[in-house]
Amino acid sequence: MATKKHDDHENYPTVVVTKTVTVHPKPLLHHPQQILHLSNLDRQCPMLMYVVFFYKPCFAYQNLSLGSIFNSLKSGLEETLSIWYPAAGRLSLNQADGKLNLWCNNGGAVLAEAVTTAKIIQLGDLSQYKEFFERLAYKPVFQGNFSQMPLIVAQVTRFGCGGYSISIGASHSVFDGPATYDFLRAWASNSAILKEKRSTLQIYKPVHERGPLLVGTQHGQQQLTKLPESGSSAPTRGAAAIDHLHQLIKQALAGPDMKFGGSNFSNTGNSNLILKTFHLSGAMIESLKIKVFGGESRGSFSCSSFELIAAHLWKARTKALGVKKGAMVCLQFAVDVRNKMVPPLPKGFSGNAFVLASIALTAEQLEGSNHEGTIEKIKQAKNSITNDYVIAYNKALDGGAAQGSLPPINELTLVSDWTRMPFHTIDFLHGEAAYVSPLLSPIPQVAYFMQNPNDLRGIDVRIGLPPQFLNAFSHYFLTNLQ
């Protein structure tokens, strides 16, 4: 049942890159070279994050050449980069404070063309990650020098069956999920493959300045000092997610009686995780709601599918990994703060605008609580994300707290909600993608909640798990769902 990281990718035909070009912004607008100051939220994970779009063979484009599709994508990317110009730049290390900023130097993105004799049908269930997918992505050689790494890379691959994949890697320092979604929609629209360019596409003009999210610059400090406390003159409290993370690390280092999953914290790595996707249909989610809340007796209590599945996953993962009853366990999940700031961030804000909400219990408390109680704590954590929380979170990151290089901790469950970003609806070619799969990320233990193209009421849960715990997790997670 597991999709192993080292699968039988050798049985697939090779992928041959036939062309690689650097794509610069079309000179529609002149953007002088400048330094765009990044926020601490931008700096958490500067590496490229990849997704790959799969488009099955289609009569509409069977007579189009790979070259014509490549040229259309190139032209569309040139036009899109003229508006999203920071994405054509490079990261730059400030020697004075050692922090990364964005050098808008029009260095360009990279677009590759490739072919394979493999057929998409050979890949089986596209929702299940396979190491072969990595061959469909352009991976620039990174030797530690961010100033030489492109911030956008892409590869279009024609399959032997006439289908296509389009993989895109974007630096997480430039965009977060919603901003990436807007960028890719604009690029698909500007490429105009088999369709008219849709100038009426509802995408706000991007706002690249980080504004009130900046900490440590004169502009940022001015913004921060004039922001009021939430109806109180009390000092800003710390951000729960950062506080809980520090407690987890302290717990991990406390001694041999507090080991994580039977392995030392310092030796825990990402290399042995298995990426597995669980499809929860709309009917399965509704069935769980009925079993948890008793159907009509649910009364006034309501919850979102995200809250329900996040609570269910946290309980299942903690139990499956055999966390000691007295250990502290955390659920942390990303919250978009665009409308949490005072004032709200402008429409079209293109940088990172998410923080982590956090809940902490002992494993025994979590196991003993019912779903309704856990969901209520998730709601409270969501509501705790205020302007003050964002300020405290941002300031804590300024002190060096980050999760980009954090190894998997069994006591920490991380969730990222993509269900409001239906990437499969982005029609680079003709119609929706058959599937859009995230590739291996710097933090593969994160559980991604995604829309399924064939079941809009359902949720696909992609998660990285140690192989020895996969069967146990599958059992506990699917209990009450079937």
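The buried residues of H4 are Ala 241, Ile 242, His 244, Leu 245, Leu 248, Gln 251 and Ala 252, where buried means under 20% relative accessible area, exposed over 50% and partly exposed in between, with a 1.4 Å probe and protein chains only. Helices (H or I, at least four residues) and strands (E, at least two) are DSSP runs numbered from the N terminus. Please keep in mind that this is a predicted model, in which local features need pLDDT of at least 70 and side-chain atom pairs count only at pLDDT 80 or more, while totals for chains, interfaces and linings use all residues. Residues are numbered from 1 along each chain as its sequence is written, and side-chain values use heavy atoms, with hydrogens and water left out.

Let us stay with H4 for a moment. The helix has 13 residues and reaches 18 Å from its first C-alpha to its last, close to the 18 Å expected at 1.5 Å a residue; the expected span is 1.5 Å times one less than the number of residues. What covers its buried residues? The cover includes E10, E11, E12 and H9.

Take H9 (residues 387-398) as the next stop: its axis and that of H4 come within 8 Å and cross at roughly 45°. Axes here are lines fitted to C-alpha atoms, for helices over the stretch in contact, and angles run from 0 to 180 degrees between N-to-C directions. Ala 240, Ala 241 and Ile 242 of H4 make the contact with Tyr 389, Tyr 393, Ala 396 and Leu 397 of H9, contact being heavy atoms within 4.5 Å.

In it, 6 strands form an open arrangement with the order E9-E15-E14-E12-E10-E11 and mixed pairing; two strands pair if DSSP finds at least two bridges between them. The edges are strand E9 (274-280) and strand E11 (354-362), each pairing on one side only. On average, neighbouring strands of this sheet are turned by 25° against each other, direction ignored. H4 (residues 240-252) packs on the sheet by touching E10, E11 and E12, and its direction makes about 150° with that of E10. Helix H10 (residues 470-478) also packs on the sheet, touching E9 and strand E15 (455-465), with a direction at about 15° to that of E9.

Strand E10 is worth a look of its own. Because 7 of its 9 residues are buried, E10 is largely enclosed by the rest of the structure. How do its pairings run? E10 (residues 328-336) is joined to E12 (residues 412-417) by 4 bridges, and these strands run parallel. With E11, E10 runs antiparallel, joined by 9 bridges.

Two backbone details sit in loops. Most residues other than glycine have a negative phi, and most peptide bonds are trans. Against that background, a cis peptide bond joins Val 342 and Pro 343, with omega about -5°, and Pro 343 is found in the loop between E10 and E11. Asn 106 has a phi near 55°, a positive value in a residue other than glycine, and lies in the loop between strand E5 (100-104) and strand E6 (109-116). Its relative accessibility is 27%, so Asn 106 counts as partly exposed.

H6 (residues 305-320) has 16 residues and spans 22 Å from first C-alpha to last, close to the 22 Å expected at 1.5 Å a residue. H6 is mostly covered, with 14 of its 16 residues buried, and just after H6, Gly 322 takes a positive phi of about 65°. Helix H1 (residues 66-81) and helix H2 (residues 177-191) pack at an angle of about 125°, with their axes 7 Å apart. That makes H1 oblique to H2. Among the residues that meet there are Leu 73 and Leu 77 in H1, and Phe 183 and Trp 187 in H2.

Stepping back, the protein chain has 10 helices and 15 strands, and 56% of its 482 residues count as buried. Of its contacts with a separation of 6 or more, 80% come from residues 24 or more positions apart.

Notes
Angles under 35 degrees count as roughly parallel, over 145 as roughly antiparallel, 65 to 115 as roughly perpendicular and the rest as oblique.
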